[in-house]
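Work through the two exercises below with the structure in view. Each task is followed by a solution in steps.

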Amino acid sequence: MSDTILEIKNLKKYFKTKRGMLHAVDGINLTVERGKTLGLVGESGCGKSTVGRTILRLIEPTEGEILFEGKDITKLNRRQLKLVRKDMQLIFQDPYSSLDPRKTVSQIISEPIIANKILKSSQDIHNRVAELMSTVGLAARLFNTYPHELDGGRRQRIGIARALAMEPKFIVCDEPVSALDVSIQAQILNLLKELQAEFKLSYIFITHDLSVVNHFSDDIAVMYLGKIVEKAPAEELFANPLHPYTQALLSAIPIPELGVKKERILIKGEITSPINPPSECRFKKRCNYAHDKCDVHPELVEVSTGHFVACHLVGKQ
Amino acid sequence: MVKEKYTVGELKAFKKRSIASEVWRNYKKSPSAMAGLIVVCLLILVTIAAQVIYDYDTDIVQQDIMNRFKEPSLEHPFGTDHYGRDVMVRVLYGAKYSLSVGIVSVAISCFLGSSLGLIAGYYGGLVENIILRTCEIFMGIPSILLGIAIMSAFGQSLLVLMFAIGLVYVPMFARTARAAVLPVRDQEYIEAAKVSGVSDLRIIFTHVLPNAMSPIIVQVTMGVANGILTASSLSFLGLGVPVPAPEWGAMLSSGREYIRDYSYLTFFPGLAIMITVLAFNLMGDGLRDALDPKLKQ
């Protein structure tokens with residue numbers, strides 16, 4: 001498979017807490033195709049941001065392999081990692097805390113260029129920053145403004161420009177629009193799509209909002225408590241959700257039509273604690289269809305081409 | 001989408017004032033901060049002028065028993081002390097000791113303390129524990145006692161005094177810096193810098209330090225004030241700058257014996273200490289406000 005840019009194998013990240021091991025990410029397998037987008041969906045606390053940060057090794061994984069263009073980046077030392085990070089970038093959720101309040105827009109965008117010594121002369125750096133700003137749709141008059149003078153959408157554009165500065169091949173978008181107004185969300189999503197086409201970028205798009213990911217992703221993986229419960233091409237997942245959790249998530253998307261009554265599947269109860277989780281199906285306590293078999297956590301099995309589900313109900317039908 | 005092409009010349013036109021001039025512009029707006037700055041500048045000028053005008057041997061320490069305890073007058077605006085020395089001349093000349101002790105000792109403690117605090121706050125874990133616990137041990141010793149111990153171990157001189165006071169305030173700077181770093185450390189822009197391939201040292205100096213600076217700057221100006229007070233206290237106890245140097249604390253100490261009859265002997269050196277300390281505090285407050293870009297209009 002030569003067109004795979006990123007492959008995650010059995011990735012695990014446990015955090016030590018006072019009450020035991022917190023299984024934030026528990027044995028995940030994912031692949032991202034070059035130039036495609038993988039949507040990673042799940043509720044807050046399910047470990048999706050941890051996955052994103054572990055891919056960039058901002059968090060060291062407990063176990064597992066992360067193959068970026070065939071190279072296992074979990075084994076790289078600092079200098080090699082710095083080289084790889086030129087190709088991998090991160091767009092943050094909160095455009096307020098992801099920009100240093102004491103730096104001007106140009107200083108923020110030029111930071112990766114200077115840190116990696118890509119351009120030397122300040123003339124070149126200035127030109128490059130101006131070019132990046134126009135790429136992401138920032139007016140050049142904002143060159144020397146401070147982030148706090150700008151609105152959320154513009155701030156997020158700065159974050160995107162910074163991520164693009166090193167011409168990466170792969171970007172982890174960690175809920176890049178969830179802190180923004182709906183109208184601005186659309187602008188930023190369109191921008192990300194345009195950039196993907198222009199620079200042949202591959203994305204992992206982390207979000208809790210399925211309606212966002214629908215238009216954006218080629219494949220979608222649904223995460224629940226550190227595990228992937230369903231993984232399928234976007235259209236297939238929306239047309240034919242199999243896991244009870246995915247079905248519940250999809251039923252929560254509002255339909256923009258008057259008079260349509262939609263049946264909501266409500267998930268009862270609270271999310272199981274990720275600290276020392278039992279070996280049963282992680283979703284068992286909240287699942288409407290739970291039965292005896294669910295005491296063993298189901299494996300992710302392929303039910304149709306490209307459609308994987310981890311549920312005892314689905315495999316045997 | 002804005003798809004405009006700008007030349008470098010045009011971009012330069014958007015260039016705003018430099019950071020220093022920006023800070024100065026904000027600083028100017030506060031009258032109390034300006035008052036502090038003016039007093040500090042005057043003090044420095046006076047110190048330099050006093051070194052030029054007065055001769056240490058004849059004007060400062062030479063005794064004139066005929067003129068003991070002269071009340072303040074035109075000839076001796078602050079009066080004369082028990083050796084007949086002019087108090088005003090001694091106070092003006094003595095500014096040199098207080099200022100140099102205050103500034104040099106704070107430079108020492110700020111450099112050492114902030115570095116330790118930055119490292120502790122940024123790396124956390126074991127490093128943080130070792131640094132903080134050591135600081136706490138030192139903070140458990142009363143600062144005057146620690147100063148006395150260092151002074152008596154290394155002998156009495158201006159240099160040792162600076163060093164002693166500098167060392168005394170290291171833990172305070174370390175704790176202030178570390179506390180200021182904590183909220184900055186978890187910000188996403190630190191992660192962004194890491195992903196961008198910026199080295200730890202560079203992150204500490206270009207992101208962490210500027211954002212954690214305000215409390216440290218306040219601590220510096222308070223530290224200068226504290227340093228001056230501690231130096232005066234040590235001199236008052238006879239452990240600071242050796243007599244007959246006209247250090248303000250030492251002057252207070254020797255004037256104390258005559259406080260009932262000749263209170264001006266303690267009043268003027270005390271006033272000098274107070275004004276200096278106040279000026280540095282005002283300056284610190286103004287600087288902290290001026291350094292915050294969010295306060296800019």
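**Exercise 1.** State how many salt bridges link domain 1 of chain A and domain 2 of chain A, and describe the contact between these domains.

*Solution.* The model is predicted, so local features need pLDDT of at least 70 and side-chain atom pairs count only at pLDDT 80 or more, while totals for chains, interfaces and linings use all residues. Residues are numbered from 1 along each chain as its sequence is written, chains are lettered from A in the order in which they are written, and side-chain values use heavy atoms, without hydrogens and water.

Step 1. The count is 0 salt bridges (a side-chain nitrogen of Lys or Arg within 4 Å of a carboxyl oxygen of Asp or Glu).

Step 2. In contact (heavy atoms within 4.5 Å) are 10 residues of domain 1 of chain A and 10 residues of domain 2 of chain A.

Step 3. The two domains of chain A bury about 740 Å² between them, 64% of it on carbon and sulfur atoms. Buried area is the accessible area (1.4 Å probe) that two parts lose on being put together, summed over both.

**Exercise 2.** Find the area that chain A and chain B bury between them, and name a salt bridge across their interface.

*Solution.*

Step 1. Chain A and chain B bury about 3500 Å², 54% of it on carbon and sulfur atoms.

Step 2. Of the area that chain A buries against chain B, 18% comes from Arg102(A), Glu111(A) and Asn144(A), more than from any other three residues.

Step 3. The rule finds 3 salt bridges across this interface. One of the salt bridges joins Arg53(A) to Glu191(B), with the closest N and O atoms 2.8 Å apart.
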